[in-house]
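Some notes on this model follow, as numbered points. Please read them with the structure open.

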Amino acid sequence: MINYLIVPGLGNSGPEHWQTYFQNSGENFYRIEQQEWDAPTCKDWIETIDKKVSEFDLSSVVLIGHSLGCSTIAQWALKYNKQIKGAMLVAPSDLEAPQYTFPAVGFSPIPLDKINFKTIVVASADDVWVSLERAKFFAENWGSEFINIGNAGHINAASGHTNWEEGMEILKKIK
């Protein structure tokens with residue numbers, strides 16, 4: 001059985017967010033709970049990921065990141081170099097863009113090393129937190145499959161991504 005570990009971004013993912021829908025879809029979906037959701041430090045977030053991942057057979061783990069959670073997964077992959085089944089990285093925020101002024105410490109520069117497990121980057125053509133070009137750039141560097149789902153905003157509850165069936169289908173590509 002695959003164990004899906006959900007890695008939300010800043011502020012966590014609320015009750016209407018697709019990550020919560022995913023979490024509630026099966027007993028093998030787990031949210032990684034961070035201590036500090038609003039002013040995080042990368043070191044703390046990647047240590048929390050590593051502790052949770054270590055509870056499972058690595059070959060059964062798929063990480064599901066959104067926004068800052070995507071950069072966190074890239075940082076975790078670089079530091080810990082563990083071989084897991086894969087990761088779906090949705091709407092990876094561009095922490096190096098001028099508009100990204102949130103209090104997140106140690107997440108940049110965004111790692112551009114190839115990630116040593118299967119990854120899929122899912123992006124939107126009109127995401128205010130990452131341009132399509134930057135999302136493609138991240139995907140190319142990380143060695144990820146790249147999927148553009150069109151004009152979908154930041155692919156969150158505010159852009160109508162609640163019971164996100166298309167996302168669940170994309171997730172199934174990591175076998």
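1. A residue is called buried under 20% relative accessible area, exposed over 50%, and partly exposed in between (1.4 Å probe, protein chains only). Helices (H or I, at least four residues) and strands (E, at least two) are DSSP runs, numbered from the N terminus. On these terms, six of the six residues of β3 are buried, so β3 is largely enclosed by the rest of the structure. Val61, Leu63 and Gly65 lie on one side, Val62, Ile64 and His66 on the other; both faces are covered.

2. The model is predicted: local features need pLDDT of at least 70, side-chain atom pairs count only at pLDDT 80 or more, and totals for chains, interfaces and linings use all residues. Residues are numbered from 1 along each chain as its sequence is written, and side-chain values use heavy atoms, with hydrogens and water left out.

3. The sheet is open and has six strands, in the order β2-β1-β3-β4-β5-β6, with parallel pairing. Pairing takes at least two DSSP bridges between two strands. β2 (29-31) and β6 (145-148) are the edge strands; each has a single partner, so one side of each lacks a neighbour in the sheet. Neighbouring strands are turned by 20 degrees against each other on average, direction ignored.

4. β3 (residues 61-66) is joined to β1 (residues 3-7) by five bridges. Valine 7 has glycine 65 as its bridge partner, and isoleucine 6 stands opposite isoleucine 64. Five bridges also join β3 to β4. There, histidine 66 is partnered by valine 90.

5. Helix α4 (residues 132-142) packs on the sheet and touches β4 (86-90), β5 (118-123) and β6; its direction makes about 175 degrees with that of β5. Contact means heavy atoms within 4.5 Å. Axes are lines fitted to C-alpha atoms, for helices over the stretch in contact, and angles run from 0 to 180 degrees between N-to-C directions.

6. Which residues of α4 are buried? They are Leu132, Ala135, Phe138, Ala139 and Trp142. These cover an arc of only 125 degrees around the axis, so they sit on the same side of α4. The arc is taken from the directions from the helix axis to the C-beta atoms. Glu133 and Glu140, on the other side, are exposed. Just after α4, glycine 143 has a positive phi of about 75 degrees.

7. α2 (residues 42-53) packs against α3 at about 70 degrees, with the axes 9 Å apart. The two helices are therefore roughly perpendicular (65 to 115 degrees; under 35 is roughly parallel, over 145 roughly antiparallel, the rest oblique).
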